[in-house]
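Please have the sequence and the structure open while reading.

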Amino acid sequence: MDDADLELLHEAAGLEHERREARALHTTDGIIKARNSHAANRKKLKTDFKKCSGFVSRVRALQENQREALTRDANSLNLGRYVEEIATSISEAPLKPADVPAAAHICGALHRRYDDFAPALIPVLAR
(Lines give C-alpha, C1' and ligand atoms only; values in the text may rest on other atoms or scores of the structure.)
Protein backbone atom coordinates (compact mmCIF):
# COMPACT_ATOMS: atom_id res chain seq x y z
CA MET A 1 0.00 0.00 0.00
CA ASP A 2 1.33 3.38 -0.92
CA ASP A 3 0.54 6.73 0.69
CA ALA A 4 -2.41 7.45 -1.61
CA ASP A 5 -4.06 4.16 -0.66
CA LEU A 6 -3.55 4.86 3.03
CA GLU A 7 -5.03 8.32 2.63
CA LEU A 8 -8.11 6.90 0.90
CA LEU A 9 -8.45 4.30 3.65
CA HIS A 10 -8.30 6.97 6.37
CA GLU A 11 -10.81 9.11 4.50
CA ALA A 12 -13.20 6.16 4.16
CA ALA A 13 -12.82 5.38 7.87
CA GLY A 14 -13.60 9.00 8.74
CA LEU A 15 -16.70 9.00 6.55
CA GLU A 16 -17.88 5.76 8.12
CA HIS A 17 -17.38 7.24 11.59
CA GLU A 18 -19.42 10.33 10.62
CA ARG A 19 -22.16 8.12 9.18
CA ARG A 20 -22.37 6.07 12.39
CA GLU A 21 -22.54 9.22 14.54
CA ALA A 22 -25.30 10.69 12.37
CA ARG A 23 -27.20 7.43 12.49
CA ALA A 24 -26.98 7.36 16.29
CA LEU A 25 -28.33 10.93 16.45
CA HIS A 26 -31.32 9.96 14.31
CA THR A 27 -32.63 7.17 16.48
CA THR A 28 -35.99 7.79 18.12
CA ASP A 29 -34.33 8.47 21.47
CA GLY A 30 -31.74 10.77 19.88
CA ILE A 31 -34.40 12.83 18.14
CA ILE A 32 -36.52 13.09 21.28
CA LYS A 33 -33.48 14.27 23.28
CA ALA A 34 -32.53 16.81 20.61
CA ARG A 35 -36.07 18.20 20.38
CA ASN A 36 -36.42 18.43 24.16
CA SER A 37 -33.06 20.18 24.41
CA HIS A 38 -34.05 22.55 21.61
CA ALA A 39 -37.38 23.31 23.29
CA ALA A 40 -35.64 24.02 26.60
CA ASN A 41 -33.17 26.42 24.95
CA ARG A 42 -35.60 28.04 22.50
CA LYS A 43 -35.76 31.29 24.52
CA LYS A 44 -31.97 31.69 24.19
CA LEU A 45 -32.00 31.34 20.41
CA LYS A 46 -31.97 34.37 18.12
CA THR A 47 -35.19 35.14 16.28
CA ASP A 48 -33.89 38.13 14.32
CA PHE A 49 -35.76 38.33 11.00
CA LYS A 50 -32.70 39.45 9.09
CA LYS A 51 -30.55 36.56 10.31
CA CYS A 52 -33.28 33.96 9.79
CA SER A 53 -34.08 35.16 6.27
CA GLY A 54 -30.34 35.23 5.53
CA PHE A 55 -30.15 31.59 6.61
CA VAL A 56 -32.99 30.71 4.23
CA SER A 57 -31.21 32.54 1.40
CA ARG A 58 -27.96 30.69 2.06
CA VAL A 59 -29.81 27.37 2.04
CA ARG A 60 -31.11 28.21 -1.45
CA ALA A 61 -27.48 28.32 -2.62
CA LEU A 62 -26.30 25.39 -0.50
CA GLN A 63 -22.74 24.20 -1.07
CA GLU A 64 -20.45 21.83 0.81
CA ASN A 65 -18.12 24.67 1.87
CA GLN A 66 -21.04 26.32 3.76
CA ARG A 67 -21.82 23.24 5.83
CA GLU A 68 -20.18 24.35 9.08
CA ALA A 69 -21.52 27.90 8.92
CA LEU A 70 -25.06 26.72 8.19
CA THR A 71 -24.86 24.16 11.01
CA ARG A 72 -23.65 26.83 13.41
CA ASP A 73 -26.47 29.17 12.35
CA ALA A 74 -29.08 26.40 12.59
CA ASN A 75 -27.93 25.80 16.17
CA SER A 76 -28.10 29.46 17.15
CA LEU A 77 -31.30 30.59 15.39
CA ASN A 78 -34.93 29.82 16.17
CA LEU A 79 -36.07 28.79 12.70
CA GLY A 80 -39.45 27.37 13.72
CA ARG A 81 -41.39 29.93 11.66
CA TYR A 82 -39.28 29.25 8.57
CA VAL A 83 -39.41 25.44 8.42
CA GLU A 84 -41.59 25.22 5.30
CA GLU A 85 -39.61 27.92 3.54
CA ILE A 86 -36.34 26.15 4.37
CA ALA A 87 -37.71 22.83 3.09
CA THR A 88 -38.72 24.48 -0.18
CA SER A 89 -35.34 26.19 -0.46
CA ILE A 90 -33.50 22.90 -0.01
CA SER A 91 -35.63 21.22 -2.66
CA GLU A 92 -34.98 24.06 -5.12
CA ALA A 93 -31.24 24.35 -4.44
CA PRO A 94 -29.12 23.53 -7.49
CA LEU A 95 -27.09 20.80 -5.77
CA LYS A 96 -24.01 19.28 -7.30
CA PRO A 97 -23.08 15.73 -6.28
CA ALA A 98 -20.41 17.12 -3.95
CA ASP A 99 -23.04 19.25 -2.15
CA VAL A 100 -25.43 16.40 -1.32
CA PRO A 101 -23.69 15.42 1.96
CA ALA A 102 -24.00 19.02 3.19
CA ALA A 103 -27.69 19.08 2.27
CA ALA A 104 -28.25 15.78 4.07
CA HIS A 105 -26.41 17.10 7.13
CA ILE A 106 -28.48 20.29 7.26
CA CYS A 107 -31.71 18.33 6.72
CA GLY A 108 -30.73 16.00 9.55
CA ALA A 109 -29.94 18.87 11.89
CA LEU A 110 -33.27 20.56 11.17
CA HIS A 111 -35.18 17.27 11.47
CA ARG A 112 -33.70 16.68 14.91
CA ARG A 113 -34.95 20.10 16.09
CA TYR A 114 -38.27 20.63 14.33
CA ASP A 115 -40.90 17.91 14.19
CA ASP A 116 -42.62 19.57 11.24
CA PHE A 117 -39.49 19.70 9.05
CA ALA A 118 -39.66 16.20 7.55
CA PRO A 119 -43.40 16.47 6.76
CA ALA A 120 -42.68 19.77 5.00
CA LEU A 121 -39.62 18.44 3.12
CA ILE A 122 -40.99 15.17 1.75
CA PRO A 123 -43.77 16.63 -0.46
CA VAL A 124 -41.51 19.29 -1.99
CA LEU A 125 -38.83 16.70 -2.78
CA ALA A 126 -41.45 14.47 -4.41
CA ARG A 127 -42.40 17.18 -6.93
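**Overall fold**

The model is predicted. The protein chain has seven helices and zero strands, and from the N terminus its elements follow the order α-α-α-α-α-α-α. Its C-alpha trace spans about 55 × 35 × 25 Å along the principal axes. Of the 127 residues, 29% count as buried. The accessible surface of the chain comes to about 8,500 Å², and 55% of that area is supplied by carbon and sulfur atoms. Among contacts with a separation of 6 or more, 78% are between residues 24 or more positions apart.

**Helix α6 and its surroundings**

Helix α6 covers residues 100–113, which is 14 residues. From first to last C-alpha the helix reaches 20 Å, close to the 20 Å expected at 1.5 Å a residue. Its buried residues are A102, A103, I106, C107, G108, A109, L110, R112 and R113. Against which helices do the buried residues of α6 pack? They pack against α1, α2 (28–41), α4, α5 (83–92) and α7 (117–126).

Is T71 buried or exposed? T71 counts as buried because its relative accessibility is 17%, and the cut-off for buried is under 20%. Apart from residues up to four places away in sequence, T71 touches H105 and I106.

**The nonpolar core**

The largest nonpolar core holds 23 residues. Those with the most contacts inside it are F55, L79, I86, I90, L110, F117 and L121. Two or more residues of this core come from each of α3 (49–60), α4, α5, α6 and α7.

Once neighbours within four places in sequence are set aside, F55 is in contact with L70, D73, A74, L77, L79 and I86. Two of these partners, L79 and I86, are also listed among the core residues with the most contacts.

**Salt bridges**

Side chains of opposite charge can pair when their charged atoms come close. The count here is five salt bridges; three of them are tabulated with the exposure of each partner.

| Pair | Closest N to O | Relative accessibility |
|---|---|---|
| E85 and R60 | 3.6 Å | E85 38%, R60 37% |
| E64 and R67 | 3.4 Å | E64 30%, R67 21% |

Salt bridges that share partners also join E16, R19 and R20 into one network. R19 and E16 are three residues apart in helix α1, so about one helical turn separates them.

The salt bridge of E85 with R60 links distant parts of the chain: E85 is in helix α5 and R60 in helix α3, 25 residues apart. E85 counts as partly exposed at 38% relative accessibility, and R60 counts as partly exposed at 37%. In the pair of E64 and R67, E64 is partly exposed with a relative accessible area of 30%. R67 counts as partly exposed as well, at 21%.

L9 lies in helix α1 and counts as partly exposed, at 49% relative accessibility.

E11 is also placed in helix α1, which covers residues 3–25. E11 is partly exposed because its relative accessible area is 47%, and partly exposed residues fall between the buried limit of 20% and the exposed limit of 50%. How far apart are the C-alpha atoms of E11 and I32? The separation is 31 Å, for two residues that are 21 residues apart along the chain.

Conventions: Residues numbered from 1 in each chain as written. Predicted model: local features only at pLDDT ≥ 70, side-chain atom pairs only at ≥ 80, totals over all residues. Heavy atoms only, no water. Buried < 20%, exposed > 50% of the residue type's maximum accessible area, 1.4 Å probe, protein only. Contact = heavy atoms within 4.5 Å. Helix = DSSP H or I, 4+ residues; strand = E, 2+ residues; numbered from the N terminus. Expected span 1.5 Å × (residues − 1). Core = buried A, V, L, I, M, F, W, Y, C linked by side-chain atoms within 4.5 Å. Salt bridge = Lys/Arg side-chain N within 4 Å of Asp/Glu carboxyl O. Areas by Shrake-Rupley, 256 points an atom, 1.4 Å probe, with all protein chains shown as cover.
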